[in-house]
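Please look at the structure below before reading on.

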Amino acid sequence: MMNCRNASPDSKLRSFAFLPPCSRLTGWLTLLLLVASVARAQQPPAAAPKAEGSRTESYAALKYRQIGPFRGGRVGAVAGVPDQPNLYYFGATGGGVWKTTDGGVNWQPLGDGTFRTGSVGALAVAPSDPNVIYVGMGEHTWRGNVSHGDGVYKSADAGRTWRRVGLENTRHIARIRIHPTNPDVVYVAAMGHCFGPNPERG
């Protein structure tokens, strides 16, 4: 029997069938390892385990639904309070301001008897004090017919009472932004008269 260590150079040139036993064994093992590697490489990668409570699964069952209010027409302004997820204010283009504290199950009208016009174009809640609310009157969703407003109103008690604070002749207010830390500093984007010139716009 020929020893692998003592195999002559000529023996390496012989066919596999005539190799010494130890060379044949090494060859078979190499072939088996190669086949196993190829088979493993052809297997599809294992799917990554799904994270429990992933956002996709959590929100999959949620569906949009109409929560009202069922009067008021088009919506031009909506605002909420970040740390009060069920509190929202709604400004209609022809139906005033509404408030919900239960995520839309019930709505309460605000400003009736105080607002001189019913069309709301902008609404904002102060980031530093959720009791402070500004409402800009006059819709900004212009069409062939639009409803104008009469300036900006402010509430310091979460909508229970209101007072007009200016810009009576802007007619249409598109946006209101309140300073992050000072609720008395307010920026208003006023569109002015939609069918003619007027100085109170900008």
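Gly202 is exposed, with 71% relative accessible area. The model is predicted.

**Gly202**
- Gly202 lies in the segment after β10 (186–190).
- Leaving aside residues up to four places away in sequence, Gly202 touches Val188, Ala189 and Ala190.
- From Gly202 to Ala189 the C-alpha distance is 5.8 Å, although 13 residues separate them in sequence.

- Side chains of opposite charge can pair when their charged atoms come close.
- Asp150 and Arg164 form a salt bridge, 3.0 Å from N to O. This pair links distant parts of the chain, 14 residues apart: Asp150 is in the loop between β6 (129–137) and β7 (152–155), and Arg164 is in strand β8 (residues 163–166).
- Arg164 also meets Glu168 in a salt bridge, at 3.7 Å from N to O.
- Asp150 is buried because its relative accessibility, 7%, is under the 20% cut-off.
- Arg164 is partly exposed at 27%, and Glu168 is partly exposed at 35%.

**The pair Asp184 and Lys154**
- The side chains of Asp184 and Lys154 meet in a salt bridge of 3.2 Å, N to O. Here too the pair links distant parts of the chain: Asp184 is in the loop between β9 (173–178) and β10, Lys154 is in strand β7, and 30 residues separate them.
- Asp184 is exposed, at 58% relative accessible area, whereas Lys154 is buried, at 13%.

Methods
Residues are numbered from 1 along each chain as its sequence is written. This is a predicted model: local features need pLDDT of at least 70, side-chain atom pairs count only at pLDDT 80 or more; totals for chains, interfaces and linings use all residues. Side-chain values use heavy atoms; hydrogens and water are left out. Helices (H or I, at least four residues) and strands (E, at least two) are DSSP runs, numbered from the N terminus. Buried means under 20% relative accessible area, exposed over 50%, partly exposed in between (1.4 Å probe, protein chains only). Contact means heavy atoms within 4.5 Å. A salt bridge is a side-chain nitrogen of Lys or Arg within 4 Å of a carboxyl oxygen of Asp or Glu.
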